[in-house]
Amino acid sequence: MEDERMSARRIVVGVDGSGPSKAALLWAVREAELTDGTVEAITTWDYPSAWYGWTPPQSEAYDFEKIANQILADTVDEVVGPDPPARIRTRVAHGDAATVLLDAARGARLLVVGNRGHGRFAGALLGSVGQHCVQHAPCPVLVVRGSDDGTVD
């Protein structure tokens with residue numbers, strides 16, 4: 001029963017280290033604090049598309065999962081510090097960001113994304129991940145406008 005209540009108060013947030021994703025994380029943490037919820041901060045990683053079918057070089061510079069873990073840890077630490085005001089679970093997942101976030105949003109109260117991230121079209125009004133999530137999410141989606149430094153616009 002407790003797991004069901006926690007799931008119903010769970011807020012999923014996509015984090016990629018960009019300013020808008022920092023603003024989204026900050027908003028999600030504040031909302032979770034007000035509603036006694038839990039934040040599930042998710043960062044994804046994948047091999048560059050040019051490498052499909054190829055084996056990436058074996059070196060620290062190409063350890064994408066390790067890099068993603070570091071981005072997530074640094075972002076959470078920068079946004080909420082060592083003593084967050086709400087419960088935060090972090091997760092790094094391999095795969096397409098939109099797909100991973102949509103899967104994680106099943107049973108969540110809310111999915112929060114920044115208005116744009118580190119994609120190829122960083123200047124777009126709404127990034128491709130956010131656009132896909134808005135159109136296909138199994139729960140309400142909040143798109144947080146953020147600047148490059150992570151402050152909320």
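Two strands are treated as paired if DSSP finds at least two bridges between them. The model is predicted, with local features needing pLDDT of at least 70, side-chain atom pairs counting only at pLDDT 80 or more, and totals for chains, interfaces and linings using all residues. Residues are numbered from 1 along each chain as its sequence is written, and side-chain values use heavy atoms, with hydrogens and water left out.

View 1. Strand S4 (residues 110-114) and strand S5 (141-144) run parallel to each other and are joined over 4 bridges; helices (H or I, at least four residues) and strands (E, at least two) are DSSP runs numbered from the N terminus. Within this pair, Val113 has Val143 of S5 as its bridge partner. Helix H2 packs on the sheet and touches S1, S2, S3, S4 and S5 (contact means heavy atoms within 4.5 Å), while its direction makes about 150° with that of S4; axes are lines fitted to C-alpha atoms, for helices over the stretch in contact, and angles run from 0 to 180 degrees between N-to-C directions.

View 2. The 5 strands of the open sheet follow the order S3-S2-S1-S4-S5, and their pairing is parallel. Strand S3 (87-94) and strand S5 stand at the edges, where each has a single partner strand, so one side of each lacks a neighbour in the sheet. From one strand to the next, the twist averages 25°.

**View 3. Strand S1 and its two partners.** In strand S1 (residues 10-14), 5 of 5 residues are buried, that is, under 20% relative accessible area, where exposed means over 50% and partly exposed in between, with a 1.4 Å probe and protein chains only. Covering extends to both faces of S1, with Arg10, Val12 and Gly14 buried on one side and Ile11 and Val13 buried on the other. Towards strand S2 (residues 38-45), S1 pairs in the parallel sense over 5 bridges, and Val13 stands opposite Ala41. Towards S4, the parallel pairing of S1 runs over 3 bridges, with Val12 opposite Leu111.

View 4. A right-handed β-α-β unit is made by S1, helix H2 (residues 19-35) and S2; right-handed here means that, with the strands pointing away from the viewer, the path from the first strand over the helix to the second runs clockwise. Asp36 is placed in the loop between H2 and S2, and its phi is near 55°, a positive value in a residue other than glycine. The relative accessible area of Asp36 is 43%, and the residue is therefore classed as partly exposed.

**View 5. Surroundings of Arg89.** Arg89 belongs to strand S3 and is partly exposed, because its relative accessible area is 43%. Once neighbours within four places in sequence are left aside, Arg89 is in contact with Arg10, Thr38, Val39, Glu40 and Ala41.

**View 6. Packing of helix H4 against helix H5.** The axes of H4 (residues 97-104) and H5 (residues 128-136) come within 9 Å of each other and cross at roughly 35°. Ala97, Ala98, Leu101 and Leu102 of H4 make the contact with Val129, His132, Cys133 and His136 of H5. These contact residues divide into 6 nonpolar, 2 polar and no charged, where Ala, Val, Leu, Ile, Met, Phe, Trp, Tyr, Cys and Pro count as nonpolar, Asp, Glu, Lys and Arg as charged, and the others, Gly among them, as polar.
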